[in-house]
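Morning, everyone. I'll talk you through it.

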Amino acid sequence: MRYMFKFPDIGEGLEEGKIIQWYVENGQSISSGDPLVKMETDKVVTDIPSPKTGVIVQRFGNVGDTIHVGSALVEIEMEGIAGAEAIAEARTEIPAAHKEVVEEKGFGVVGTIEVAGDGAYLPSSGEGLGAAPMPTAAPAPIPHTPSDSLPSSVKVLATPVARAIAKELGIQIQQVKGSGPAGRITRKDIEQYHSSKAYLSTAPSTPASPQTEQAERLTIKPLSMIRKTIARNMIRSKQNAAHMSVMDEVEVSALVEGRARLNQSLQEKGIKLSYLPFVVKAVAMALKNHPDLNAELDLEGDRVIYKNYYNIGIAVDTEDGLVVPVIRDADKKSLLRIATELAEISVKARERKLTTADMKDGSFTITSFGSIGGYFAVPVINYPQVGILGVGKLTQKPVVAGNEIKIGNLLPISMSVDHRMVDGGEVGRFLNEVLAYLQDPLLLMVNLGGEN
Amino acid sequence: MFDLQTLDKYKPIDDKMYQVMDKDGKVIIKNWKTGLSEDDLVQAYKDLLFERTADQMAISYQRQGRMFTYPPNLGQEAIHIASGKVIKAEDWLVPAFRELGAWLAKGVSLWEIFLYFKGHEDGSKFLNAARMLPVSVPIASQLLHAVGLAYAMKYKGEEAAVFGYVGDGGTSEGDFHEALNFAAVWDVPVVFVVQNNQFAISVPLKMQTRSKNLALKGLAYDVDSVLVDGNDFLAMHDVLAFAREHVLKKKRPFLIEARTYRRGAHTTSDDPTKYRSKEEEEHWAELDPAARLQSYLVSKKLWDPKDEEALIAGYKKFIDSEFDKAEAYPDYKLEDVFGFMYQEMPVELKRQMNNYQNFMNLEGAQK
């Protein structure tokens with residue numbers, strides 16, 4: 001006998017989850033309680049165990065796919081009943097009948113009716129986004145703008161008369177923003193939409209224009225959880241902070257030379273220092289003299305929250321998107337320790353193994369975009385932090401030394417700060433100190449202090 | 001053994017915690033003796049393993065979509081198992097919601113507990129357990145019921161105690177303070193057991209109180225109180241057994257702060273990695289109550305860890321069969337909503353029920 005296991009609501013009111021990892025293959029035997037799949041939801045990232053003992057006939061969905069609560073996850077041929085037959089069948093094509101099951105929508109307690117208006121969508125808080133760059137994210141509303149990316153099968157709330165008029169005018173009702181209760185689309189909304197002719201630019205206006213034509217010109221993919229979070233955080237930063245940027249370049253021949261020497265002696269330990277640990281250290285040391293940049297502005301509370309720790313977030317580029325794990329107490333750690341931790345977090349980031357604990361409580365952020373490319377940049381502040389420092393590509397350039405032109409090693413530094421909290425003078429002084437450390441790394445040694 | 005002299009030595013004001021074994025299960029009190037037989041000790045460990053296995057499987061059932069929100073017990077079992085050994089049939093057990101092992105000891109069937117977390121109120125009938133209240137979700141409200149029960153027992157002249165459970169978060173509620181005050185004013189035999197698992201969902205203890213411990217709070221109401229290592233089964237049993245005797249002899253309430261750590265999530269809807277560090281979790285994992293009791297039993301040559309695997313495999317079979325029972329239990333009827341409101345159904349309710357039945361006959365039939 002076959003059992004269709006549907007994605008359950010495992011967190012009080014979930015609508016969907018994303019497949020992170022499959023633990024089973026088609027045709028594989030499984031006992032009840034064994035893990036089937038790892039799912040990421042708004043609330044938790046968790047393994048889903050099998051409810052039955054038997055053989056996996058068919059998995060539904062690939063890694064990265066979003067599965068609605070109540071939609072099929074796996075089909076299991078239950079133990080003792082035609083097990084061998086199931087295995088044989090599992091290795092062939094999916095029978096058409098099962099495809100229908102996948103497409104089945106909107107059952108289960110939660111259902112999948114989409115609402116059309118902004119206000120009617122109750123966003124979850126920042127909870128549960130395991131890989132979010134800023135786990136402290138406040139519950140910013142998710143802009144839920146209907147666009148032509150909505151498939152026509154999405155259900156919307158609308159009055160019958162609104163549906164009739166929309167059909168008559170050749171308007172795709174999914175495009176219209178509802179103003180009624182719970183975002184219900186009313187006759188007025190359709191009429192307004194029609195007179196604004198907004199639909200002309202976003203969607204085929206006549207029913208004659210076939211969906212297939214559009215499908216060829218566009219590829220529509222669902223937004224990943226991590227992309228959603230990044231988008232939300234970027235908007236939050238740009239809307240709240242008064243961004244100001246400053247750029248400079250620093251001659252780092254001494255550092256280049258020093259690093260090369262260090263790497264030679266570290267070779268047998270199998271460690272290779274990049275420039276980043278030096279920057280992390282320099283920033284942490286400089287922050288100690290410039291507390292305003294290691295703080296958080298609480299405008300509503302009429303206060304400033306100074307952080308008495310120096311946790312430096314490191315922007316790491318991954319296939320899924322940007323994540324910002326944190327080097328804790330960077331002021332107290334040796335360059336070697338920082339280098340080791342940097343290596344660890346970037347591996348973890350790429351393998352998607354970062355936990356929220358790895359990413360929380362950053363007090364300042366560094367982005368070393370130059371390792372990929374780019375000289376100067378205008379980084380976006382990792383809000384609610386006050387500053388972010390970007391390191392561009394180390395480049396050889398002519399520099400004037402004394403009255404001569406020499407080949408210099410120039411490291412470009414770009415910084416953005418929240419001008420609500422700090423002024424240009426303070427930023428300049430901070431930057432001068434960072435640059436001084438990078439120009440003369442011995443200075444860094446002098447001020448190193450702290451433990452290991 | 002814990003007695004009046006011991007109580008005097010462990011003053012909450014000095015923040016001293018009663019502890020019998022260290023983290024490796026070694027007894028650290030000179031000339032200490034347990035009030036339990038060797039068989040009792042072994043059984044206690046088996047009960048703990050059973051609670052832990054049932055708890056893990058409950059989480060698995062929930063993740064399979066076969067049960068609703070569930071609060072895991074991992075890390076707090078010593079408190080529950082020790083309670084189970086002390087609480088007598090004539091005593092009342094007034095639970096919060098995270099005392100699985102104590103409920104089982106009281107006689108509640110596992111399938112009933114599963115049924116409850118599947119959202120069926122019959123799961124609170126406790127067919128084989130006398131004198132236990134249902135789970136209380138409104139935090140700390142149950143302690144007032146505990147005091148009321150004790151007052152009734154006093155009035156009737158019954159020789160029994162009430163065990164009321166609450167978490168550290170519950171001590172921030174008014175109900176906790178009202179209950180302590182009335183218990184003291186009325187001189188009633190309630191043992192308040194505060195399971196201090198360090199977090200009220202995500203709020204750490206230090207954000208809930210300025211007191212250095214929670215046992216201190218009892219003193220303000222003139223309630224004898226003691227702080228005890230809740231991950232130390234032997235210490236927990238000593239204190240609970242003493243507390244029962246004490247409240248019966250003195251006709252006064254008693255408060256126990258059992259310091260422990262919730263190693264799992266608050267509930268299946270919670271992700272604790274958001275509010276606590278791995279280091280902290282690892283620190284508490286080393287103080288795990290099961291490992292400590294096991295080490296103690298092994299050192300006394302009462303237990304061989306080799307036996308555990310087969311034992312747990314047997315438990316799993318039984319637990320699955322209990323869950324099957326819960327799943328086979330008939331759904332409740334929606335008509336019940338109407339049926340139990342009044343002895344005789346008023347006209348308005350009758351109309352609503354008819355509407356509902358008509359709806360079900362027409363549209364519901366297509367379901």
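In chain B, take the contacts with a separation of 6 or more: residues 24 or more positions apart account for 75% of them. Keep in mind that this is a predicted model. Chain B has 367 residues, and 44% of them count as buried. Its secondary structure comes to 14 helices and 8 strands.

Now to the sheet. What is the strand order in the open sheet of chain B? Going across, the 6 strands are β1-β7-β8-β4-β3-β2, and the pairing is parallel. As a reminder, strands of a sheet pair through backbone hydrogen bonds, either parallel or antiparallel.

Look at the edges. There we find β1 (17-18) and β2 (92-94) of chain B. Each has a single partner strand, so one side of each is left without a neighbour in the sheet.

Next, one pair inside that order. Strand β3 of chain B covers residues 162-167, and strand β4 of chain B covers residues 190-196. They run parallel, joined by 6 bridges. Find B:Tyr165 on your screen. Opposite this residue, in β4(B), stands B:Val193.

Helix α2 of chain B spans residues 38-63. Helix α12 of chain B spans residues 308-328. Their axes come within 9 Å and cross at roughly 50°. The crossing of α2(B) and α12(B) is right-handed.

Who makes this contact? From α2(B), the residues include B:Leu49, B:Phe50 and B:Met57. From α12(B), they include B:Leu311, B:Ile312 and B:Phe323. By class, the contact of α2(B) with α12(B) has 10 nonpolar, 1 polar and 3 charged residues.

Now the other chain. Chain A has 452 residues, of which 36% count as buried. There are 13 helices and 19 strands in chain A. Among contacts in chain A between residues at least 6 apart in sequence, 67% join residues at least 24 apart.

Finally, where the chains touch. How many residues of chain B are in contact with chain A? The count is 15, and they meet 19 residues of chain A.

Note on methods
Residues are numbered from 1 along each chain as its sequence is written. Chains are lettered from A and ligands numbered from 1 in the order in which they are written. This is a predicted model: local features need pLDDT of at least 70, side-chain atom pairs count only at pLDDT 80 or more; totals for chains, interfaces and linings use all residues. Helices (H or I, at least four residues) and strands (E, at least two) are DSSP runs, numbered from the N terminus. A residue is buried if 20 or more other C-beta atoms lie within 10 Å of its own, exposed if 12 or fewer, and partly exposed in between; C-beta atoms are placed from the backbone. Two residues are in contact if their C-beta atoms, placed from the backbone, lie within 7 Å. Axes are lines fitted to C-alpha atoms, for helices over the stretch in contact, and angles run from 0 to 180 degrees between N-to-C directions. A crossing is left-handed if the near helix is turned anticlockwise from the far one by less than a right angle, and right-handed if clockwise. Ala, Val, Leu, Ile, Met, Phe, Trp, Tyr, Cys and Pro count as nonpolar, Asp, Glu, Lys and Arg as charged, and the others, Gly among them, as polar. Two strands pair if DSSP finds at least two bridges between them.
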